[in-house]
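Please report on one strand and its pairing partners.

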Amino acid sequence: EGYARLMVALGKAADVEIAYVTGSIRDARRRVADGDDASIKAALEGYGHAWNAVKLDGQWQLVDATWDDPTGGPPTLRSTYLFTPPQLFLFNHLPDEQNWQLVATPMTPGEFVRQPMMSPDLGRYGLTLLDPTRAQVSVDGDITITLDNPQHVSVLGTARLDGSAGQGNDCTVVSLDRRTTVHCKLGEGTYEIQLFANTASHGMFDYVGSLLANSR
């Protein structure tokens, strides 16, 4: 909340309209189980957060200075949550007031927690997750994830038992035309499938999202 309040103060000093927005967040460490509306809302309250909306040229833009602040290791300049398109911001930020979603059709708390745990960086690489379309799925020993990939970026996938340490097992990635599939062979248990992308086939890949697979 400190950064969000500081942004409001900076806006006043610079004569820029900056709103303080409260809501809930989620990621692979802060998951919310599916359920009825009451249980979902109660669980989301445990992941309260604050960010900002900035009015520029008459249009509201979303900013989360806290999540772009580098933590751990050498400082790395990030702009994932700087003027992020609202639909991408909704991957992991749900405001308490629907108006601050800044989309034509607001998302419900249930829809928020059921969607796969993607990062806005997915959109930066021009990727769209086509299947699966839920945060957690049940499979029989393997899973195939399908992405629309019109910019032909490089994609990596790893699968590891949920909660375990280590890098996990690499998944098989196949790209044909603008479709990329990530196929992961799984043992029995719950696995976290993580996706990464890069404009090149080597170097540092950025995390773009994850989902859970319950393998029988």
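The report below takes strand pairing, then salt bridges.

## Basis

This is a predicted model, in which local features need pLDDT of at least 70, side-chain atom pairs count only at pLDDT 80 or more, and totals for chains, interfaces and linings use all residues. Residues are numbered from 1 along each chain as its sequence is written, and side-chain values use heavy atoms, with hydrogens and water left out.

Strand E15 spans residues 206-215. Helices (H or I, at least four residues) and strands (E, at least two) are DSSP runs, numbered from the N terminus. Eight of the 10 residues of E15 are buried, so the strand is largely enclosed by the rest of the structure. Buried means under 20% relative accessible area, exposed over 50%, and partly exposed in between (1.4 Å probe, protein chains only).

Two strands pair if DSSP finds at least two bridges between them. Strand E14 (residues 189-198) runs antiparallel to E15, with nine bridges. Ala-197 has Asp-206 of E15 as its bridge partner. Strand E8 (residues 136-139) is parallel to E15 and joined to it by four bridges. Here Ser-138 sits opposite Asn-214. Strand E6 (residues 117-118) is antiparallel to E15, through two bridges. Met-118 is partnered with Gly-209.

A salt bridge is a side-chain nitrogen of Lys or Arg within 4 Å of a carboxyl oxygen of Asp or Glu. The count is 11. One of them joins Arg-31 to Asp-162, with the closest N and O atoms 2.9 Å apart. Arg-31 lies in the loop between strand E1 (18-25) and helix H2 (37-44), and Asp-162 in the loop between strand E10 (154-161) and strand E11 (169-170), so the pair ties together parts 131 residues apart in sequence. Arg-31 is partly exposed at 27%. Asp-162 is partly exposed too, at 32%.

Asp-34 and Arg-134 form another salt bridge, at 3.0 Å from N to O. Asp-34 is in the loop between E1 and H2, and Arg-134 in the loop between strand E7 (128-131) and E8, so this contact links parts 100 residues apart in sequence. Asp-34 is partly exposed, with 44% relative accessibility. For Arg-134, also partly exposed, the value is 40%.

Arg-179 meets Asp-148 in a salt bridge of 2.8 Å, N to O. Arg-179 belongs to strand E13 (residues 179-185) and Asp-148 to strand E9 (residues 142-148), 31 residues apart. Arg-179 is partly exposed at 40%, whereas Asp-148 is buried at 11%.
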